[in-house]
Amino acid sequence: MRNKAFIYLVPFLLFIALSGVLFFALGKDPKLLPSAKLGKPFPEFELPSLHKPEQMLSKAQLTGEVVLVNVWATWCVSCLVEHPMLTKLSQDGVIIHGLNYKDVRPAAITFLENHGNPYRQIIFDEAGGLGLDLGVYGAPETYFLDKTGQIRYRHVGIIMPDVWQNKLQAVYQALLQE
Amino acid sequence: MDKGINRVWKGSRRAINMAYGILFWGFLAIILLLQPAFAGIDIYQFDNVKEEQRFRDLIAELRCPKCQNQNLADSNAGLAKDLKDRTYQLVKEGKTNKEIKNYLVDRYGDFIIYKPPFRLSTWLLWIGPLLVLLLVFGVFIRKNLKTPKNQAMDISLAEQQRLKNLLDSRESGNSETSRHIDA
């Protein structure tokens, strides 16, 4: 008899479990995709610098130190919002390289003249080829590279000060310690 | 006087009819002229039908990472266009469908293909429906096979003895026992 009562409870328990799963999934942002490039080397590239079109940049310029590679563009409004935080980080000694993604060169240069330049090197990826190799699906995105040039973390969206404090700073510090 | 009005009326009707005619043929001409414009939205050129079909199949099966739940073929997002261009380029280079998919999964992860691969994290997705079906089947068979058996077994020893007695007495034609049962 007791066994039978339990069997009748099974659908109810399944329903509760499913509700739980769905309820917790509500809080998840479906737009955040896991990066396929985690733990893999930064892709090889050969692209001009934003400020000096004749100067070619390659992966060698990004390796040797722990760096952030920030994907940005002037058409990206969120990048403008993120800009002061990047400026602050670069003042704190964080090395940030820019990947100017599918942008117009004069507009990008003017943007940096107006808002300041937090980047050490800026890769000018007009066609978006490097972006595609990285799996960029929207700006801003920030990639954390270790000393060997491996992608160790990707942050999609604006680096808000609290996100940096609560999460990203620890990731960055851990990479420095390696 | 009346005839004059009639003639004017007829004349204006002819003019109206003509205007409608011009409108009709004009619209038809515009629609026909627009047709090549619709067809001209994508500018991909192919050497043969097979190659084109391969491209169309791929962009229908690949998912746009920027847009939620749209394939590359349906999406007009900038990123979808870039990915279509790259897919086209790879098709032209003679890469196989598998190579092209691997190329994109390498960069954008499993999200980009609508058909998830079979691996450790996705086995439940693939096997799940089969498991549920087997479970339902199992329960169904169990219920149908075991129910009569269970009822037959659900008799205590005393009852079995009584049943035996009854059967025996019936064979010997003892009416008193049978009356006893009825009571």
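## Helix α6 of chain B

The expected span of a helix is 1.5 Å times one less than its number of residues. In this predicted model, helix α6 of chain B covers residues 157–171.

A residue is buried if 20 or more other C-beta atoms lie within 10 Å of its own. Of the 15 residues of α6(B), the number that are buried is 0, so the helix lies largely in the open.

## Helices α2 and α3 of chain B

Two packed helices are described by the angle between their axes and the distance between the axes. For helix α2 (residues 49–61) and helix α3 (residues 78–92) of chain B, the axes come within 10 Å and cross at roughly 145°. The crossing of α2(B) and α3(B) is right-handed.

On the side of α2(B), the contact is made by B:Glu51, B:Arg54, B:Phe55, B:Leu58 and B:Ile59. From α3(B) come B:Lys84, B:Thr87, B:Tyr88 and B:Val91. By class, 5 residues of this contact are nonpolar, 1 is polar and 3 are charged.

## The sheet of chain A

Chain A has an open sheet of 5 strands with mixed pairing, in the order β5-β4-β3-β6-β7. Its edge strands are β5 (122–125) and β7 (151–156), each of which pairs on one side only. On average, neighbouring strands of the sheet are turned by 20° against each other, direction ignored.

One of the pairings joins strand β4 (residues 96–101) of chain A to β5(A). The two run in the parallel sense, over 4 bridges. A:Leu99 has A:Ile123, in β5(A), as its bridge partner.

## A:Lys40 in its loop

A:Lys40 belongs to the loop between α1 (2–26) and β1 (46–48) of chain A.

Leaving aside residues up to four places away in sequence, A:Lys40 touches A:Gln150 and A:Ile151. A:Leu145 is 105 residues from A:Lys40 along the chain, and the C-alpha atoms of the two are separated by 9.9 Å.

## Contact between the chains

Where chains A and B meet, 11 residues of chain A are in contact with 12 residues of chain B. The side of chain A that touches chain B consists of 6 nonpolar, 3 polar and 2 charged residues.

Conventions: Residues numbered from 1 in each chain as written. Chains lettered and ligands numbered in written order. Predicted model: local features only at pLDDT ≥ 70, side-chain atom pairs only at ≥ 80, totals over all residues. Pairing = 2+ DSSP bridges. Axes fitted to C-alpha atoms, helices over the stretch in contact; angles between N-to-C directions. Contact = placed C-beta atoms within 7 Å. Nonpolar A, V, L, I, M, F, W, Y, C, P; charged D, E, K, R; others polar. Left-handed = near helix turned anticlockwise from the far one by under 90°. Buried ≥ 20, exposed ≤ 12 C-beta atoms within 10 Å, placed from the backbone.
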